[in-house]
Amino acid sequence: MGTTSTVLLWVLGVLALVGGVLVFTLNSMARVTFALLASLVCVGGVVTVLGLPYLGVVIVLMMVMEMVIMAVFMIAYMMNPAGLMPMSMLHNKRGSLVVSGLVFAALVAGIFLVPWPDRTGARPGDTTVQVGMSLMGDQMLTMVTLGFVLLATMVGATVLATRRGRYDRFGDDLDQRPAQDPAGGGVGR
């Protein structure tokens, strides 16, 4: 790992920890959501820097969509306005501090006490293929095909759900000036 990768790894790691701390120190659900999003995007960056770009991108994409959906539903359905009312993410502060301290100590002890195996073979050329084959084995082609089918289904459903197209406001021959919204609104409304 080069100097740039090492520096990037440390910066992303520290930012992920800062975002994780902010999750428990901010006082509204909306702010906590975006702090968690920032932390998890940094974790995806760490995974990418460590040589697994496919998993890093998947983590980032999943977390961005999950957190955006969570924020939208909080704004739409929470009892307080947009999840911005003061609140606390900490419950049973003493108990949770004891449990988290013990878990942290056990994990750090595991890092130093576990006999880590030495690398036996050479690193594969394409880690994405290796991860894909480990996860899906002989079903890789099936999953790739299924991904394209699902994408086409989502795009098709979106297109079919739209009543009018992009250029409907210009008329059938695209010569209607100024453009008028066929739904009845005037220009600029």
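This briefing covers the fold, the surface and selected residues of one protein chain.

The model is predicted: local features need pLDDT of at least 70, side-chain atom pairs count only at pLDDT 80 or more, and totals for chains, interfaces and linings use all residues. Residues are numbered from 1 along each chain as its sequence is written, and side-chain values use heavy atoms, with hydrogens and water left out. The protein chain has 6 helices and 0 strands. Of its 189 residues, 16% count as buried.

**Overall fold**

- From the N terminus on, the elements run α-α-α-α-α-α.
- Helices (H or I, at least four residues) and strands (E, at least two) are DSSP runs, numbered from the N terminus.
- Take the contacts between residues at least 6 apart in sequence: 56% of them join residues at least 24 apart. Contact means heavy atoms within 4.5 Å.

**Annotated regions**

- An unreviewed UniProt entry carries the annotation "transmembrane region" for residues 6-26, 33-52, 58-77, 97-116 and 140-161.
- UniProt positions follow the numbering used here, feature names are shortened, and annotations may be inferred rather than shown by experiment.
- Residues 6-26 are 95% helix and 0% strand, and the end C-alpha atoms lie 30 Å apart.
- Residues 97-116 are 85% helix and 0% strand, with the end C-alpha atoms 29 Å apart.

**Nonpolar core**

- L12, A16, C42, V46 and V49 make up the largest nonpolar core, which has 5 residues.
- The most come from α2, with 3 residues.
- A nonpolar core is a set of buried Ala, Val, Leu, Ile, Met, Phe, Trp, Tyr and Cys residues joined through side-chain atoms within 4.5 Å.
- V46 touches L9, L12 and G13, not counting residues up to four places away in sequence.

- S39 lies in helix α2. S39 counts as buried because its relative accessible area is 8%.
- Buried means under 20% relative accessible area, exposed over 50%, and partly exposed in between (1.4 Å probe, protein chains only).
- S39 is in contact with A16, G19 and G20, leaving aside neighbours within four places in sequence.
- T33 also has its place in helix α2. With 0% relative accessibility, T33 counts as buried.
- Residues up to four places away in sequence aside, T33 touches M67, M70, A71 and M74.

- Accessible areas come from the Shrake-Rupley method with a 1.4 Å probe; for residues, only the protein chains shown count as cover.
- M143, V144, L146, F148, V149, L150, L151, M154, V155 and V159 form a nonpolar surface patch, with about 940 Å² of accessible area together.
- Patches are made of residues with over 30% relative accessible area and no salt bridge; like charges are joined within 9 Å, nonpolar side chains (Val, Leu, Ile, Met, Phe, Trp, Tyr) within 5 Å.
- A salt bridge is a side-chain nitrogen of Lys or Arg within 4 Å of a carboxyl oxygen of Asp or Glu.
- V149 sits in helix α6 (residues 140-161). V149 is partly exposed, at 46% relative accessible area.
- V129 sits in helix α5 (residues 127-136). V129 is partly exposed, at 45% relative accessible area.
- V129 and M140 are 11 residues apart in sequence, and their C-alpha atoms are 9.5 Å apart in space.
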